[in-house]
Amino acid sequence: MTDAIDYARYDRIRPIRWTGEALELLDQRKLPFVVEYLACRSSDEVADAIHSLAVRGAPAIGIAAAWGAVLASREIGASDAADAAAELEPALQRLNAARPTAVNLAWALARMRAALLRARAGEGMDWRAALEAEARAIETEDLAANRAMGVLGASLIAPGSGVLTHCNTGSLATAGFGTALGVIRAGVAQGGIARVYAGETRPWQQGARLTAWELLQDGIPATLIADSAAAHLMKTGAVQWVVVGADRICANGDTANKIGTYQLAISARHHGAKFMVVAPSSTVDMDTASGELIEIEERDPAELYGIGGTRTVAEGVPAWNPVFDVTPAGLIDAIVTEKGIVEHPDTAAMRTMFGDH
Ligand code: MRU
């Protein structure tokens, strides 16, 4: 195994671009067949883009919201940081309300508020420039965290292993490289991972539309499976690790992630496969004690009524569309963040790694 990872090959996609005037988001509603950036010129356009999944994935929506705050700072006339803090708040609240489950959104906006407070304390500081610097720092730190987690997570995976992933946790969901997909990239680059399976991730198809597309560009052969094929696949012994991302990791290690993750964890435990959660520490929420306290986003049932715009369900059928679920800590073998690995997570182990906050 070698530690050298060719990032020119494994880290090429950028979902978020700041032009100095606008926030350009690679429109994930249109991938893989249309590769097009959506230009957001106001904070409300960013909030809409987050809500409508033009940008998605926990770290990416945090980064987008931070740049949304920068756009908001240009929409107000405040002359100093003290006035700005009050005037910005409605826009920050709208950004925060765009999606409820991923804690990265609130975390990024809290960092933007704190940057404003620091600018307020610093005599004569340009508070708009301070906000822009903070958004850039959030983005840069996320990329560094992903690269660190990639190597850490891959170190747990024995050579020759097969891995199954869910949803999209790659460059598209982050500043770049990815969380769980970063571990897969590092594991393939270093020779540990022999086979990759990607679940299609109904109803929005993040696995089929996004993960398969990303891995194809890296030359990583990933086999797509229907979500309902996962237990059958694990029974064959082809999967040694299930590797997923997270939207919120609680103080006891309970983890919210894309709907379908929980059933993968149950199936992994039943079949003797290990289960790894990979996320930056910005996804850890030590203020939420356990998973039942997490708000689970429910989206329009219409997302279940068809595929690719073609209706497949008879009119009048009711549907329920929760888009995240919670995997209890007891089913998780390892939580990997840039700060290190928590094996067999529980409240004590989480506190040792992350403190109280
Ligand atoms: O609804 P989405 O596509 O935003 O859900 C994304 C996920 O659940 C990801 O697994 C999670 O955000 C981690 S992304 C690095």
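Which residue in β2 is the bridge partner of Trp18? The structure is a predicted model, in which local features need pLDDT of at least 70, side-chain atom pairs count only at pLDDT 80 or more, and totals for chains, interfaces and linings use all residues. Residues are numbered from 1 along each chain as its sequence is written.

The partner of Trp18 is Leu23 in β2. Three bridges link β1 with strand β2 (residues 23-26), and the two run antiparallel; strands here are DSSP runs of E with at least two residues, helices are runs of H or I with at least four, and both are numbered from the N terminus. Strands count as paired if DSSP finds at least two bridges between them. The open sheet has three strands in the order β1-β2-β3, with antiparallel pairing. Its edge strands, β1 (16-18) and β3 (37-40), each pair on one side only.

Helix α2 (residues 43-51) lies across β2 and β3 and runs at about 140° to β3. Axes are lines fitted to C-alpha atoms, for helices over the stretch in contact, and angles run from 0 to 180 degrees between N-to-C directions.

Turning to the helix pair, α3 (residues 58-73) packs with α4 (residues 81-96) at an angle of about 140°, their axes being 10 Å apart. That makes α3 oblique to α4 (angles under 35 degrees are roughly parallel, over 145 roughly antiparallel, 65 to 115 roughly perpendicular, and the rest oblique). In this contact (C-beta atoms, placed from the backbone, within 7 Å), Ala65, Gly68, Ala69, Ala72 and Ser73 of α3 meet Ala84, Leu88, Ala91, Leu92 and Leu95 of α4.

How values were computed:
Contact = placed C-beta atoms within 7 Å.
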